[in-house]
Amino acid sequence: MNTNDFDFNLPENLIAQTPLEKRDSSKLLILNPVTKEMKDTHFEHIIDELNPGDALVMNNTRVLPARLYGQKADTHGHVELLLLKNTSGDEWEVLAKPAKRLKVGATISFGDGRLLAEVVEVLEHGGRIVRFSYDGIFLEVLESLGEMPLPPYIHETLDDRERYQTVYAKENGSAAAPTAGLHFTSELLEKIAAKGVHLVYLTLHVGLGTFRPVSVDNIAEHDMHSEFYQLNQEAADTLNHVKSKGGRIIAVGTTSIRTLETIGNKHEGKLVADSGWTNIFIKPGYHFKVVDAFSTNFHLPKSTLVMLVAAFAGREFILDAYQYAIEQHYRFFSFGDAMFLTSPQHKTS
């Protein structure tokens with residue numbers, strides 16, 4: 001398939017610049033891939049789409065204040081680093097701007113020397129491996145010097161850092177938020193659990209893949225960047241129990257989907273405690289082995305995320321749904337509204 005097969009015209013004014021005051025007051029579009037029905041509601045009513053005995057699977061990664069602004073030690077030229085992942089010890093893979101002058105051996109200073117970064121490797125995709133030096137605890141230094149790595153289409157300042165974190169964020173390591181989870185409040189999750197839905201957490205640290213556009217015409221030629229994931233034994237046991245009782249595995253966001261399907265592919269559809277790196281690219285033609293339904297935000301045109309959703313529900317239906325959302329003035333991208341895709345194999349009661 002061609003990348004342009006997943007394009008659509010999005011008015012710029014529909015790109016949400018700030019989060020809503022109440023997380024679960026965002027709009028929610030319910031989609032049924034079998035009947036092709038669409039239903040408008042608000043996110044707090046997602047509980048109506050969940051059945052006792054289902055499992056709601058969420059990514060508990062926590063976004064690092066991963067954007068750093070500093071100066072080259074020799075020229076004092078301004079440099080911006082975006083931390084993507086910890087490769088070993090104090091070494092990190094980063095995106096750098098401007099990158100072309102950052103050769104191996106270049107040193108960048110942040111916060112008047114409180115944090116130093118030396119370039120130790122230049123990567124094929126243009127990124128860098130840097131080694132940090134500092135006094136104290138790295139995450140504490142980063143908290144004091146770094147900024148939240150908001151996507152480039154957000155131009156407003158975020159007053160409260162926690163609004164770019166899910167309420168269940170726990171494991172530090174992401175370069176971007178798993179934005180489908182931003183709609184949940186602690187109160188809504190309590191109501192969902194009280195209904196008899198199992199709340200299950202996994203971890204996938206969002207990395208370079210979020211920032212890389214699909215630059216090839218044939219989507220089969222696109223290479224996904226690897227991201228670290230982890231599912232513990234308790235979560236795996238709960239999910240297998242749910243499946244054995246006929247409950248649904250309902251993922252929150254594409255990162256949860258990619259983690260679950262990665263493990264399912266490795267273990268013939270079964271879920272086991274597992275961790276590692278995944279570069280799974282879910283596109284039309286993919287057969288889902290684990291996930292029965294999911295919620296997600298509205299994504300960028302021609303993105304791998306749109307392709308993933310189309311793999312589940314069909315390209316034409318998803319593009320129709322996106323067009324409907326545009327006509328109904330849904331808010332798009334990270335701070336925008338959400339959709340819930342029901343499972344072709346199951347019906348909610």
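Trainee: Leaving aside neighbours within four places in sequence, which residues is S295 in contact with?

Mentor: In this predicted model, S295 is in contact with I46, A180, A251, V252, G253, M339 and F340, once its neighbours within four places in sequence are left aside. S295 itself lies in strand β16, residues 293-297.

Trainee: What makes S295 count as buried or exposed?

Mentor: The relative accessible area of S295 is 2%. Buried means under 20%, so S295, at 2%, is called buried.

Trainee: Which residues of the largest nonpolar core touch the most other members?

Mentor: They are Y164, L239, L260, F332 and L341, out of 69 residues in that core. Helix α5, residues 304-313, supplies the largest share of this core, with 8 residues. A second, separate core has 25 residues, including A66, W92, V94 and F110.

Trainee: What does L341 touch, not counting residues up to four places away in sequence?

Mentor: L341 touches L31, A293, F294, T296, V309, F312, A313 and I318.

Trainee: Why is α4 called mostly covered?

Mentor: The count settles the matter: 12 of the 14 residues of α4 are buried. Among them are G253, T254, R258, L260 and E261. Just after α4, E268 takes a positive phi of about 55°.

Trainee: What makes β9 and β10 a pair of strands, and how many bridges join them?

Mentor: Two strands pair if there are at least two bridges between them. Strand β9, residues 115-122, is joined to β10 by 7 bridges, so the pair qualifies, and the two run antiparallel. V119 stands opposite V130 in β10. The two strands form a hairpin with 5 residues between them, and G126 in the turn has a positive phi of about 105°.

Trainee: How do you know that β7 pairs with β10 as well, and how many bridges join them?

Mentor: There are 4 bridges between strand β7, residues 91-97, and strand β10, residues 128-134. The requirement is at least two, so these antiparallel strands are a pair too. On another side of the story, strand β6, residues 78-88, pairs with β7 in the antiparallel sense over 7 bridges, with L83 and V94 as bridge partners.

Trainee: Which strands make up the closed barrel?

Mentor: The closed barrel has 6 strands, in the order β5-β6-β7-β10-β9-β8, with antiparallel pairing. On average, neighbouring strands are turned by 45° against each other, direction ignored. Helix α1, residues 138-145, packs on the sheet and touches β5, β6, β7, β8, β9 and β10. The direction of α1 makes about 105° with that of β9.

Conventions:
Residues numbered from 1 in each chain as written. Predicted model: local features only at pLDDT ≥ 70, side-chain atom pairs only at ≥ 80, totals over all residues. Heavy atoms only, no water. Core = buried A, V, L, I, M, F, W, Y, C linked by side-chain atoms within 4.5 Å. Buried < 20%, exposed > 50% of the residue type's maximum accessible area, 1.4 Å probe, protein only. Contact = heavy atoms within 4.5 Å. Axes fitted to C-alpha atoms, helices over the stretch in contact; angles between N-to-C directions.
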